[in-house]
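Please look over the sequence and the structure shown here before reading on. The briefing is meant for someone meeting this structure for the first time.

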Amino acid sequence: MSMHAGRHLRTAAISLAVVLAAAGCAKSEETAAAPAATSTQGQQVVQTPTGEAGPTCTLDQFGGKKFDLETATVGFSQSEKEANPFRIAETKSIKDEAAKLGIEKLRVTNAQSQFSKQITDVQQLIAQGAQLLVIAPLNSDGWEPVLQQASAKKIPIITVDRKINAKSCGDYLTFIGSNFYEQGKRAADQMIKALDGKGKVAILLGAPGNNVTTERTNGFKDQVQKQAPGIQISFEQTGEFAREKGQQVTEQLIQSNPDINGIYAENDEMALGAVTALKGAGKTAGDIKIVSVDGTRSAVQSIVDGWLYSVIESNPRFGPLAFETAQKFLDGQPIPDKVIISDREYAGDTAKAGLDEAY
């Protein structure tokens, strides 16, 4: 649970219009009490802006034409097979919100973790007449073929959960997602607390080639170096954001670094794989402190069970905010180049209270 000030998120969820004007860096704290199950449970909340707003984009600046979302063909490109709770929740959120808004022509594709397929998927969506594209990119680079085709037809692209390295208000409209560097820093703060500022830590890196892995790594390392020089990062290997790979890498880790004190997993699936490996090696809960990022129900339950120390949330419920942003854009309102959402933390007592909001 974040220690940052502000307990106004419930009302902010209802009035996102007020805070969507810019994407700032202030953190807000979400109430720990699990609400009654409603359509807004665990809904994403835009961070309260601070300082100067970044560049914005209007329909006129973009050069697009207004259309009706309800009757438009809308494409959603999912990057990874839905074995991961994050991806399941993300796709469900897009579909649910489209249904709620009466968008009848939603086309959903899944790249099955193959980047070449994702490029083809989106090109097919463009060929099918998509007027709006929502993309969860597998990689941050290599989007030029898609961007050229979309730009020629003035199709707005909203990227969610990962960024693409391209020009906002030209190649694409905006990015909606978390501050991944901040997530890494917050994970480091939890690890420093768990280890009392000293010990050996391993990093289970996410899949290479995207900004999430890079920023979650850099945020963690920079914060450890700055705040806890007594912590040594003695092992780093990719677990590809996958549970099975996280387990395999942790099995190797226990053999090569038996004196490891902590594991930073860059998503929950790898953390849960690490738990399986530790159980298999005869370790007991809490022997090795594990901190991860995502906020899946299984991971939050693992905090309650003592196997994970802390989880930094990365909220996958992009549907409401993605379509709200698209509608504002079509209505002529300025859209910031990035819409940063607030993420909570789960640790100790807050894990049990937050279980109902985990996905």
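This is a predicted model: local features need pLDDT of at least 70, side-chain atom pairs count only at pLDDT 80 or more; totals for chains, interfaces and linings use all residues.

The protein chain has 359 residues, of which 56% are buried, and its secondary structure comes to 13 helices and 14 strands. Among the contacts in the protein chain with a separation of 6 or more, 76% are between residues 24 or more positions apart. The accessible surface of the chain comes to about 14,400 Å², and carbon and sulfur atoms account for 50% of that area.

**Nonpolar cores**

- The largest nonpolar core has 34 residues, and those with the most contacts inside it are Leu69, Val74, Ile94, Leu132, Val160, Ile176 and Phe329.
- Both helices and strands give two or more residues to this core, namely helix H3 (59-62), strand E2 (73-78), helix H4 (85-101), strand E4 (132-135), strand E5 (157-160) and H12.
- The largest share of this core comes from H12, which provides six residues.
- Isoleucine 94, one of the residues with the most contacts inside the core, touches Phe76, Leu106, Val134, Phe318, Gly319, Ala322 and Phe323, when residues up to four places away in sequence are not counted.

**Salt bridges**

- The count of salt bridges comes to 15, and the pairs described below are among them.
- Glutamate 269 and arginine 243 form a salt bridge in which the closest N and O atoms are 3.1 Å apart.
- Because glutamate 269 lies in helix H10 and arginine 243 in helix H9 (residues 243-256), this pair ties together parts that are 26 residues apart in sequence.
- Of these two partners, glutamate 269 counts as buried, at 7% relative accessibility, whereas arginine 243 counts as partly exposed, at 35%.
- Glutamate 324 and lysine 328 form another salt bridge, with the closest N and O atoms 3.4 Å apart, and both residues lie in helix H12 (residues 319-330), four residues apart, which is about one turn of the helix.
- In this pair lysine 328 is buried, with a relative accessible area of 8%, while glutamate 324 counts as partly exposed at 24% relative accessibility.
- Elsewhere, salt bridges that share partners join Glu80, Arg87, Glu90, Asp161 and Arg162 into one network.
- The side chains of lysine 198 and aspartate 196 also meet in a salt bridge, at 3.7 Å from N to O.
- Lysine 198 is exposed, with a relative accessible area of 52%, and aspartate 196 is likewise exposed, with a relative accessible area of 60%.

- Leucine 272 counts as buried because its relative accessibility is 7%, and the cut-off for a buried residue is under 20%.
- Apart from residues up to four places away in sequence, leucine 272 touches Arg243, Thr296, Ser298, Ala299 and Ser302, and Arg243 is also the salt-bridge partner of glutamate 269.
- The C-alpha atoms of leucine 272 and glycine 246 are separated by 7.7 Å, although these two residues are 26 residues apart along the chain.

Technical notes
Residues are numbered from 1 along each chain as its sequence is written. Side-chain values use heavy atoms; hydrogens and water are left out. Buried means under 20% relative accessible area, exposed over 50%, partly exposed in between (1.4 Å probe, protein chains only). Contact means heavy atoms within 4.5 Å. Accessible areas come from the Shrake-Rupley method with a 1.4 Å probe; for residues, only the protein chains shown count as cover. A salt bridge is a side-chain nitrogen of Lys or Arg within 4 Å of a carboxyl oxygen of Asp or Glu. A nonpolar core is a set of buried Ala, Val, Leu, Ile, Met, Phe, Trp, Tyr and Cys residues joined through side-chain atoms within 4.5 Å.
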